[in-house]
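Visitor: I'd like to learn how to read a structure like this one. Could you take me through it feature by feature?

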Amino acid sequence: MTAVAPARIQFHHGSLVIPAGAVHSTPLGYDRDSVPIGAPLPLAASAELVHSLSGCGEIVVAFEGKLGDSLLALSGVRAVLDWLRLRSVRVAVRAVGPYAGLIARTGLITQPQASAPSGWRAVIGDRTGVEAHGSETAVSLVLDPAAPPCWSSDGRTHPDLPARHYLALERRLGIRLPGTAPFAPTLATGPNNLVEELRSVGWLGGLTIAAITATSWPERKDYTAQRFIALAEHIAEAQQAQARLLLIGGNPGHGLRVTAEAPRRHVQALHIDGMPADGLVDLFPHCHLIVGNDTGLTHLAAMARGGQDRGGPPVIGLYARHSHSKWRTGLSHHHAVATNLSDRMHQGDLCPVRDAIAPNSDVHMDAFPPAALAQVGLELLNEVGR
């Protein structure tokens, strides 16, 4: 048997600007910085979409698919609402489905008027949500993560999904909208009983690291709890501190479960499994560093407001197969560590599933040595501390 060489990994900072010529991208069709907010674009708007939205009295936001896809698509909702405000069209906005509580935390939702809204209804969401709630509507907008390309304008690219969705709708609506990078909305935090309990027993004091163990593809995208513990050991030893590691699982099947592992020399580990996503929004800003699989809860951690400039702690996503730039929020504190394969998907704007790219040499999450990840985490912790 021939030994497979470990895949090279590379760190990608969340604030890195990617030049237009560095990746495969689609020209936006105008220099965005030179068009005043509210001015018509030098592109024809979609007349049918403009007509339908102009007559709406209510917007229903309906996402029922994957958490990560839904969070990264909320910028598309933001684009429509920005356009309606520019045109002084008043609408009621409500969210339905399993993520309604999370969506309300973005500030995108406005309370419906006491009386029934005048005009017709529009539904914005993923395909499942639109099919469930799109009957008797004037217009339905499906925000499919496979649809919008990587846009380029003003000499730079906009590869993250929130930017893709926002700019795709700006083009269709034909007006320069007010949003600028990063386009992803953030999630407001609030008091939470479990957070207060963890604080009272000392679990949120000192060096606190969260590790997202949840994943939709365990055999290919699971870094494993033991590797995360090893990562925390390296960081704690380097900082000569006792670290508290929160291992965040995503299995809601048996309700909230909190279990402690036997303490290591430098790390105390606590498994938190089945905590609702809106509760995790309140927990993540209390951490100093978050590292996670390429999954919805890692995107959620990046979007949770808190910390300096309300940006939250540094978040590192681990990307073995998919594009590290597309599947991020675009927020400056949301970083990536990626393999060669992930970097090729980024450069060519490709998808290993859609484009059937699955080389036998792909070693998946084995590519990320805990010691190397710990060094990245230490540098980000030092960056925040400066």
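Visitor: Which strands does β9 pair with, and in what sense?

Guide: Strands and helices here are DSSP runs numbered from the N terminus (strands E, at least two residues; helices H or I, at least four). Two strands pair if DSSP finds at least two bridges between them. In this predicted model, β9 (residues 207-212) and β10 (residues 243-249) are parallel, with six bridges. Ala210 stands opposite Leu246 in β10. β9 also runs parallel to β13 (residues 289-293), joined by four bridges, and there Ile212 has Gly292 as its bridge partner.

Visitor: Are the faces of β9 covered or open?

Guide: Buried means under 20% relative accessible area, exposed over 50%, and partly exposed in between (1.4 Å probe, protein chains only). Six of the six residues of β9 are buried. One side carries Leu207, Ile209 and Ala211, the other Thr208, Ala210 and Ile212, and both sides are covered.

Visitor: What is the largest nonpolar core like?

Guide: In soluble globular proteins, nonpolar side chains tend to be buried together. A core here is a set of buried Ala, Val, Leu, Ile, Met, Phe, Trp, Tyr and Cys residues joined through side-chain atoms within 4.5 Å. The largest has 73 residues, and Leu53, Ile59, Leu246, Leu283 and Phe284 have the most contacts inside it. Helix α2 (residues 67-86) gives the largest share, ten residues. Another core, of 30 residues, lies apart from it and includes Leu207 and Tyr223.

Visitor: And how do I read aromatic pairs?

Guide: You describe a pair by the distance of the centres and the angle of the planes. Rings of Phe, Tyr and Trp (its six-membered ring) pair if their centres lie within 6.5 Å; planes under 30 degrees apart are stacked, over 60 edge-to-face, the rest tilted. That gives three pairs here. Tyr223 and Phe368 are edge-to-face, at 6.4 Å centre to centre and 65° between the planes. Tyr223 is in the loop between α7 and α8, and Phe368 in the loop between α11 and α12, so the pair ties together parts 145 residues apart in sequence.

Visitor: Where should I be careful?

Guide: Check pLDDT, the predictor's confidence in each residue, from 0 to 100. Its mean for the protein is 90, and 91% of residues reach 70 or more. Residues 1-6 stay under 50. Where pLDDT is low, the predicted coordinates should not be read in detail.

How values were computed
Residues numbered from 1 in each chain as written. Predicted model: local features only at pLDDT ≥ 70, side-chain atom pairs only at ≥ 80, totals over all residues. Heavy atoms only, no water. Contact = heavy atoms within 4.5 Å.
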